[in-house]
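My entries follow in the order of looking.

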Amino acid sequence: MPADAQPDLSHEIELTPAFHDLDPMDIVWHGNYVKYLEIARNALMAKFGYDYPQMRESGYAWPIVDMRMKYVGSIHYGQRVRICATIVEWENRLRIDYLVTCAETGARLHKATSIQVALCIATREMCWVCPPVLFERLGVKGPQP
């Protein structure tokens with residue numbers, strides 16, 4: 001990879017909702033979308049060897065401080081969906097954008113964004129710049145002095 005090229009900061013998963021994820025209207029209950037996004041986010045961070053256990057080992061917690069969601073369509077029981085999670089910011093916060101599509105048709109069903117900040121586990125203080133371990137794991141350049 002050329003020195004100025006960025007690594008692929010996205011990852012895609014497929015899933016099919018379980019029966020217990022449905023609401024009385026026989027579609028996926030809106031609150032379960034957060035669970036699906038979390039599954040995609042975990043897979044994305046695992047791709048870089050920086051999932052929850054590695055975060056803890058590095059001395060940082062990464063709480064979600066903001067989440068925005070746009071419900072475009074409904075997910076139905078038995079419908080396979082693709083969830084693409086992409087890291088779009090990483091210097092001062094970790095922002096991940098999500099796109100949920102129907103695996104069969106490609107139709108857009110849901111868009112979302114989550115924002116996490118680094119929190120030093122030892123002091124419980126929020127970091128105003130992401131720690132170097134994040135840049136190392138992602139293979140990106142950190143903030144320049």
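What percentage of the 145 residues in the protein chain is buried? I get 40% of the 145 residues as buried. Buried means under 20% relative accessible area, exposed means over 50%, and partly exposed lies in between, with a 1.4 Å probe and protein chains only.

**Ground rules.** I note that this is a predicted model, where local features need pLDDT of at least 70, side-chain atom pairs count only at pLDDT 80 or more, and totals for chains, interfaces and linings use all residues. Residues are numbered from 1 along each chain as its sequence is written, and side-chain values use heavy atoms, with hydrogens and water left out.

**Overall layout.** I listed three helices and seven strands for the protein chain. Helices (H or I, at least four residues) and strands (E, at least two) are DSSP runs, numbered from the N terminus. In sequence order I read the pattern β-α-α-β-β-β-β-β-β-α. Along the principal axes, the C-alpha atoms fill a box of roughly 50 × 40 × 25 Å.

**Sheet.** I then looked up the strand order. Five strands form an open sheet in the order E1-E4-E5-E6-E3, with antiparallel pairing. Its edge strands are E1 (10-15) and E3 (64-71), each of which pairs on one side only. From one strand to the next, the twist averages 15°. Two strands count as paired if DSSP finds at least two bridges between them.

**Hairpins.** I followed E5 through both of its pairings. Strand E4 (residues 81-89) runs antiparallel to strand E5 (residues 94-102) over eight bridges, and the two form a hairpin with four residues between them. E5 also pairs with strand E6 (residues 108-116), again in the antiparallel sense and over eight bridges.

Ile 83 stands opposite Val 100 in E5, and Val 100 stands opposite His 110 in E6. I also looked up Arg 82, whose bridge partner in E5 is Thr 101.

**Salt bridges.** How many salt bridges does a search of the whole structure find? The search returns 10. The criterion is a side-chain nitrogen of Lys or Arg within 4 Å of a carboxyl oxygen of Asp or Glu.

I started with Arg 80 and Glu 14, whose side chains meet at 2.6 Å, N to O. Arg 80 lies in the loop between E3 and E4 and Glu 14 in strand E1, so this pair ties together parts that are 66 residues apart in sequence. Glu 14 also meets Arg 82 in a salt bridge, at 3.0 Å, N to O. This pair links strand E1, which holds Glu 14, to strand E4, which holds Arg 82, across 68 residues. A network of salt bridges links Glu 12, Glu 14, Arg 80 and Arg 82. Arg 80 is partly exposed at 41% relative accessibility, Glu 14 is partly exposed at 40%, and Arg 82 is partly exposed at 26%.

I then turned to Glu 38 and Arg 41, which form a salt bridge at 2.4 Å, N to O. Both lie in helix H1 (residues 32-47), three residues apart, about one turn of the helix. Glu 38 is partly exposed at 24% relative accessibility, whereas Arg 41 is buried at 2%.

**Cysteines.** How many disulfides does a search of the whole structure find? I find zero, taking a disulfide as a pair of cysteine sulfur atoms within 2.5 Å. For Cys 84, the nearest cysteine sulfur is that of Cys 102, 16 Å away. Cys 84 is partly exposed, at 22% relative accessible area. Cys 127 counts as buried at 17% relative accessibility.

**Surface patch.** Met 126, Trp 128 and Val 129 make a nonpolar patch of about 340 Å². Patches are made of residues with over 30% relative accessible area and no salt bridge, with like charges joined within 9 Å and nonpolar side chains (Val, Leu, Ile, Met, Phe, Trp, Tyr) within 5 Å. Accessible areas come from the Shrake-Rupley method with a 1.4 Å probe, and for residues only the protein chains shown count as cover. I placed Val 129 in the loop between strand E7 (119-120) and helix H3 (132-138). Val 129 is partly exposed, with a relative accessible area of 41%.

Terms used
Axes fitted to C-alpha atoms, helices over the stretch in contact; angles between N-to-C directions.
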